Each structure stands twice: as structure tokens, then as C-alpha cells.
Amino acid sequence: MPVVFVPHGGGPWPFVEIGFPEEDINRLADYLRSVSAIPPSQPAALLVVSAHWEEPVPTVMTSEHPPILYDYYGFPPESYEITWPAPGAPALASRVRRLLDAAGIRNDADSERGYDHGTFIPLKLTYPKADVPAVQLSLKRGLDPAEHLAIGRALAPLRDEGVFIVGSGMTFHNLRAFRDPRAAPVAEAFDAWLRDAMMREPAERSRRLEQWASAPAARAAHPREEHLLPLMVASGAAGNDRAVVGFNGTFGGLRLSSYHFGVATS
């Protein structure tokens, strides 16, 4: 299976109006719909690392029927009626824990956790029938890039077991900057650095990702880096596979990118 990192947009978009340009909304939504065509066959399950879940140690959801966690605020009532009833995958959750154990990475399980909007919003576009079992894995508190690359490396064997690993975050995430035209050059500068880093040989890619905070405009693009860390997990799981840019466009006028690993290129 390939691995992807996708931008999940903002809040309950595109299912409710959030005031962003229609062209931006449509372009990103169309991209997310296309993600289901990236695997060569229907995945046995999805493992999603969302920017919206952090725990002291990597924690995996184990529910057979995860609820929806409406972890956004201030949106219209219909925002809290969005559903994505994909089944859970307890066997995959157990396998994730065994792989992390084997790598010496402490981990935990959560039987109550539901799909947060970093999962159910983009994947409602990608798999609208909600017919692929899904499991979420949390970030590790502290947000250390090297630790998240190591988590991804530990989980790489899942790719040979039919599991589609999806990192869900944003390559730009400074909420105060959206709708501010002064932020556009900041997003462009960081995105250009990140695209260059991602196109490097895998070992160099990892080295640069570990040092992302020294990139141009890094802290202006990510005052807090939780939305970038799912990319680290995806990159780690990619192993020696090269990255390709899957999406490069704007959302709210600010530059975003997605990355695919292990896909056929012409």
C-alpha cells in the first residue's frame, strides 16, 4: 500500500459554508475525493494519524463502532450532524500496538475515542460510503519530529498487510493568518522549503524534517506544530520510498501541499 499525507482543511468544510473562496474549497475537495484511487486495490483498513489527537504515548482507538467527535466550535447546527459511520478495526489496533512494542515505543489504547474532524471530514470525501474500517492513532505529546518518524517506521509493515496509512494535518496552520493577505508570502516560503525537503533522498528528507523548525517562516507557518507531525509519521512509514506532491494549491488563500509515497509515477 502507498502512504499519504493530506491537508484536512478547516472545521466542517466543505459540508457547511466557512467563508473561504469557492475555488479553494472545490479544488481541495476534489483532491480528497481522488485519494481513494491512490491504493492499487481497496484497502483492508485505514490507519489515520490526525493532528487533532495527542496523548502522553501513541494511543490507538479500539472501538468496533467509533462515534463522531465534533471537536470544532462555533459552526452552524448542521455541522454537528455530519456522520461518517466507518467501522473500527480492533484487530488492526492490536497489530499497531504489537509493532510499536517491537520497536520499543510505549503505547496505549482507548476504547472510547471517536473519529475527530481530522479523520471524518476528509475521509467522508475520500470514502463517502464509509465502507473501509478505520483506526486512529494519536500523536505523542511533546511533538518531537524524530519520535514521530520512528513511529512511522515501526508501522511500515502494515503496508504489506493491506493497510492504507493516512497522515491528516496541514502544511500551514496558523489560524490567525487565514484571511490575512500578509500571510500569503509566509505560506509560500515555508511550502517551498518543505517541498524541496520532501523531494530529497529519504535519509536527507528525514534529516530535514527533524530540523523543520529552522526552515524559513517555520514558526510563522506553525506556531504549534501538531498539524505538521502527521507528515513525520507518514514519511517514516514510507521508508525508502520517494515522495511526490499530490496536491499543491491554496485554502483560504494560503499555500498547502499533500504528499504521496510508494505510488507509481510516469
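In the predicted model, strand β2 pairs with strand β6 (residues 163–169) through six bridges, and the two strands run parallel. Within this pairing, V48 has V166 of β6 as its bridge partner. Strand β2 is also joined to strand β5 (residues 134–140), again by six bridges and in a parallel arrangement. In β5, the residue opposite V48 is Q136.

Strand β2 itself spans residues 45–55, and nine of its 11 residues are buried, so the strand is largely enclosed by the rest of the structure. Buried here denotes a relative accessible area under 20%.

A search of the whole structure returned one cavity of 30 Å³ or more. The volume of the largest cavity is about 30 Å³. Its lining consists of V6, L32, V35, P122, L123, T126 and V166. Of the elements that contribute to this lining, helix α3 (residues 117–126) supplies the largest share, with three residues. In terms of residue class, six of the lining residues are nonpolar and one is polar, while charged residues are absent.

Note on methods:
Residues are numbered from 1 along each chain as its sequence is written. This is a predicted model: local features need pLDDT of at least 70, side-chain atom pairs count only at pLDDT 80 or more; totals for chains, interfaces and linings use all residues. Side-chain values use heavy atoms; hydrogens and water are left out. Buried means under 20% relative accessible area, exposed over 50%, partly exposed in between (1.4 Å probe, protein chains only). Helices (H or I, at least four residues) and strands (E, at least two) are DSSP runs, numbered from the N terminus. Two strands pair if DSSP finds at least two bridges between them. On a 1 Å grid over the protein atoms alone, a cavity is a set of points where a 1.4 Å probe fits but cannot get out, and a pocket is an open set with protein on both sides within 12 Å along at least five of seven lines; lining residues have an atom within 4 Å of a point. Grid points are joined across faces, edges and corners, and a volume is the space filled by probe spheres set on the points. Ala, Val, Leu, Ile, Met, Phe, Trp, Tyr, Cys and Pro count as nonpolar, Asp, Glu, Lys and Arg as charged, and the others, Gly among them, as polar.
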